[in-house]
Amino acid sequence: MTEEVLVADHTIEYTYTRSTGPMIGAFLTGLRDGKIVGCRGADGRVIVPAVDYDPVTSEDLSETVEVADEGVVTTWSWNDRPLLGQPLDHPFAWALVKLDGADTSLLAAVDVDDPSKISTGSRVKARWAEERVGSITDIAAFEVV
Amino acid sequence: MSETAEAPGPVTIVETPIHLDYKFTPGVAQSRFLRALERGEITGQRCPKCQKVYVPPRGACSMCGVATDEEVKLSGKGTITTFCVTQIPSPGLVPPYVTAWIRLDGSDITSMFLIQECDPAEVRLGMRVEAVWVEESELVPDLGNIKYFRPIDEPDAEYETYKDYV
C-alpha cells in the first residue's frame, strides 16, 4: 500500500530593524518628503541613492544633492511573472534609471503594460505612493513620460 | 514618538521584513507521525537493530543507518530531563515560562515542549509530566495539537532512568 505523504504551506518571516546611517537616512527622509536625494562623491559625481562612503576612495561623504524625480532608462529587463514583495503585482520592467542631475543609475520598476512600451533612452518619471513613510516603496514605480 | 505630522524628524531607523513562503514535505515516516497526532496519539518508530525508539520518526536510525518501520504508540507521559525558565517575552508567551526537554515514556530521544499549570520554581529534573491536548474537534496533523505538558501526581523518575539525556 502506498501512503500519501503530507504537504503543507509554511511561511518563515522576520522583521529586521536597522539603523540607516546618515546618508541613507537622508535619502529615505527625502523620499518621505517627495524628493530624491543623492550625494556628491569625492570626484564630484552625484551618486543616487546617497551613500555613506565614497565607492572609489572610501572616504566619508556628507554633501547631499537633490536630483529630479525624472530621468532616462539606461538599461532594462522585462519581468513577466512578478513575485510576492516586488513593487508591482502585474508584469513590469526592471530598469536602471539615470535621474536628471545624477551621474549614477537607480534600479526601479517601470510600470508599462508591454515591453514594446519601453526602451533604452525612454524618459520616465516617478509615481509616488499615496502615503509616504520614508521607504524605497515611497516610489510606487516609474512611468514612461 | 515625539514626532508630529507637521515636522517629522529625519528617518534613522527602518524595518526590513524578510518573508518566504514554501511547501514543507515531511516524508513518509513523519506523515504517519502527523496523522497519528491528528487522531490524538503520539507514535514513534523502533530501530530493528539497536531497538531505540525515535519520536518524531525520521524513517531511519541515525546511529545504525537502517530504515525504521515498526510503529510504536506512546502514552503521552514523560520525564523532564533538562529545562529552562525564560524571563523575557516571546510572541504568545507571558514570562516567566518554562520550556523543557522531555523523554517520553518508551522513547529514546527527547523533545522540547512548554511546561504549564505549574509554578516555574517547582520544575525540576526527573519531574513526571503529561501532554495536554487541544479539544478533539481542533485536532489537525500538527505537533501544535499538544498545547503543553503539565505535572502529574507521580514520584520523580530515578536519575538513572534519564541520566543519559540531561
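Mentor: In this predicted model, 14 residues of domain 1 of chain B are in contact with 16 residues of domain 2 of chain B, contact meaning heavy atoms within 4.5 Å. Domain 1 covers 24–74 and domain 2 covers 76–166 of chain B; such bounds come from an automatic or database domain assignment. The C-alpha centres of domain 1 of chain B and domain 2 of chain B are 20 Å apart.

The size of an interface is often given as the accessible area lost when the parts come together. Buried area is the accessible area (1.4 Å probe) that two parts lose on being put together, summed over both. Between domain 1 of chain B and domain 2 of chain B this area is about 1,300 Å², and carbon and sulfur atoms give 69% of it. Of the area that domain 1 of chain B buries against domain 2 of chain B, 39% is supplied by L37(B), I42(B) and L74(B), more than by any other three residues.

Across this interface of domain 1 and domain 2 of chain B, the rule finds zero salt bridges, a salt bridge being a side-chain nitrogen of Lys or Arg within 4 Å of a carboxyl oxygen of Asp or Glu. It does find two residue pairs in polar contact (both at pLDDT 80 or more). A polar contact is a pair of N or O atoms within 3.5 Å; within protein, one must be able to donate a hydrogen and the other to accept it, and residues adjacent in sequence count only if both atoms are side-chain atoms.

On the side of domain 1 of chain B that touches domain 2 of chain B, helix 1 (27–38) and strand 3 (53–54) of chain B each supply at least two residues. Helices (H or I, at least four residues) and strands (E, at least two) are DSSP runs, numbered from the N terminus. Helix 1 of chain B gives the most to that side of domain 1, with four residues.

Two strands pair if DSSP finds at least two bridges between them, and two bridges join strand 2 (residues 42–46) of chain B to strand 3 of chain B. Q45(B) stands opposite Y54(B) in strand 3 of chain B.

Now to the two chains. Their contact takes 24 residues from chain A and 26 residues from chain B, and about 2,300 Å² is buried between chain A and chain B, 54% of it from carbon and sulfur atoms. The rule finds one salt bridge across this interface of chain A and chain B: D9(A) with K23(B), whose closest N and O atoms are 2.6 Å apart. Strand 1 of chain A and strand 1 (residues 13–24) of chain B pair in the antiparallel sense over twelve bridges.

Residues are numbered from 1 along each chain as its sequence is written, and chains are lettered from A and ligands numbered from 1 in the order in which they are written. Local features need pLDDT of at least 70, side-chain atom pairs count only at pLDDT 80 or more, and totals for chains, interfaces and linings use all residues, while side-chain values use heavy atoms, with hydrogens and water left out.
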